[in-house]
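Open the structure in your viewer and follow the stops below in order. Each stop says what to select and what is there.

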Amino acid sequence: MKKTILILLISLFNIQLTTHNPLQAQDGVVVDGVVAVVGKSIIKISDVENGYVQYRLRQGKDNAQLTRCSLLENMLLSKLLLHKGEVDSVEVTDEQVEQEVQYYLKNYVRQYGSREAMRDATGYTYDEMHDIFFDQLKNRKISQEVEYKLTQNVTVTPREVADFYNNIKDSLPTIPETYELSEIVITPDVSEMERDRVRTELSALRERVLKGEKFSMLATLYSQDPGSTSKGGELGFFTRGDMVSEFEAAAFSLKPGEVSPVIETKFGFHIIQLIERRGNSVNVRHILMIPKVSSDDLLKARMRLDSLAQEIRSGKIAFDNAARQYSDGPSKSQGGTVTNEMTSNTRFTKEEVAEQFPGVSVVGVEVGNITNALLYKTESQRDAYRIMRLDKRTAEHKANLTDDYDRISEAALQEKKDKKIMEWSAKMIKNTYIRIADEYKDCEFRLNWTGK
């Protein structure tokens, strides 16, 4: 089998923080040093060692030296792209970087449960994590921009896809059984009386805050946002574009400690308190209350969908036409065909169906089968009903051009882009200051980084 070199450049910038310190000497002194220099950028021992620790956690046993050499070369490539970006004065705004920083910080805080727990686990305070992420992500964005400019015109022909497939077909993976699904959703409207009830309750809570009660305590007691209730309603820092527009407009208009009027979003009704503003980011608490659909309206939605399912089964209306006419779901314009939120295509594994469509079974179900109405929660936590149809089942199989052309085409395109990057890198190395520590000069790199 021909071995293909697929250098997924985004993986060169994996942001991994670990509490394990591989550079701890016996006397407690932390030892670090520079293992490589590319242009003005350095790669430290700790960069390679922390990358190695993360690799071992994911992959298990390995050849330690070969892995470290491979990790170092990936880092060298990333620094070379960064150097090119600096030479060409590629610009990345702080606002662009900050949005991504907040995404990572939210995930870390969510993973550990609180900022304090995150600090205990990683050894970094929230602000230190922010600065680390900011520098790394800014460098990544600069490098990605350089990579994009180098490869934006690279394409593959059907002939090249076929040749790529023939070269690797002996080592192609087995693709698990997958399913394609469609849905029709009906989300009953909330009555104006119910909306008024929620507004009144939230207004009363707002008055209690203004009279001196703690917002965080009331959020813990009354908020219906499961992600922030245990944290007193605190959401963490975010920038514009992270939240729905109505929420952002209210949050960014507040002064520290100030409480917003009752506002409405697709998620329900909120009151918001600004905790802190930091540059273009804000941290807020909120109390969310979700208006309830009446049991009568839910029953009507269920009966309407069950009736519609019978019409589809009897051939009175096609499923896709019914979806376009009656569905409230995001797949309406696609005739009900649902997209896998994890992969952005229409194929789901059995596990992905179970995760994204609780209560829907595909095992042993005939293609074309339409469910009766199923109650579920929408993205905005509204009660709704849906019917679903199994459109296609693709049995477990070894990857092939007929069933998996898109996947193979993407891999062929990536290989061609990688080849372009490697060719560019080989030329760029000759005109760039590069120094590598002696202990890594014996590595069998793919490129001639040492000038031998």
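Start with the residues that line the second largest pocket: they divide into 13 nonpolar, 12 polar and 9 charged. Keep in mind throughout that the model is predicted.

**The pocket**

The second largest pocket has a volume of about 1000 Å³. To find its middle, select Arg110, Asp225, Gly227, Leu235 and Met243, which are the closest to the centre among the 34 lining residues.

Next, colour α3 (94-112), α4 (115-122), β5 (234-238) and β8 (281-289); each of these elements supplies at least two residues of the lining. Which element gives the most to the lining of this pocket? That is α3, with 6 residues.

**The helix pair**

Now move to helix α7 (residues 192-210) and helix α8 (residues 215-222) and show both as cartoons. Their axes come within 9 Å and cross at roughly 150°. An angle over 145 degrees counts as roughly antiparallel, and α7 and α8 are therefore roughly antiparallel to each other. The crossing in which α7 passes α8 is right-handed.

Finally, show side chains where the two helices meet. On α7, select Leu205, Arg208 and Val209; on α8, select Phe215, Leu218 and Tyr222, which they meet. How many residues of each class does the contact of α7 with α8 have? It has 5 nonpolar, no polar and 1 charged residues.

Terms used
Residues numbered from 1 in each chain as written. Predicted model: local features only at pLDDT ≥ 70, side-chain atom pairs only at ≥ 80, totals over all residues. Heavy atoms only, no water. Axes fitted to C-alpha atoms, helices over the stretch in contact; angles between N-to-C directions. Helix = DSSP H or I, 4+ residues; strand = E, 2+ residues; numbered from the N terminus. Parallel < 35°, antiparallel > 145°, perpendicular 65-115°, else oblique. Left-handed = near helix turned anticlockwise from the far one by under 90°. Contact = heavy atoms within 4.5 Å. Nonpolar A, V, L, I, M, F, W, Y, C, P; charged D, E, K, R; others polar. 1 Å grid on protein atoms, 1.4 Å probe; cavity = no way out; pocket = protein on both sides within 12 Å on 5 of 7 lines; lining within 4 Å. Points joined across faces, edges and corners; volume = space filled by probe spheres on them.
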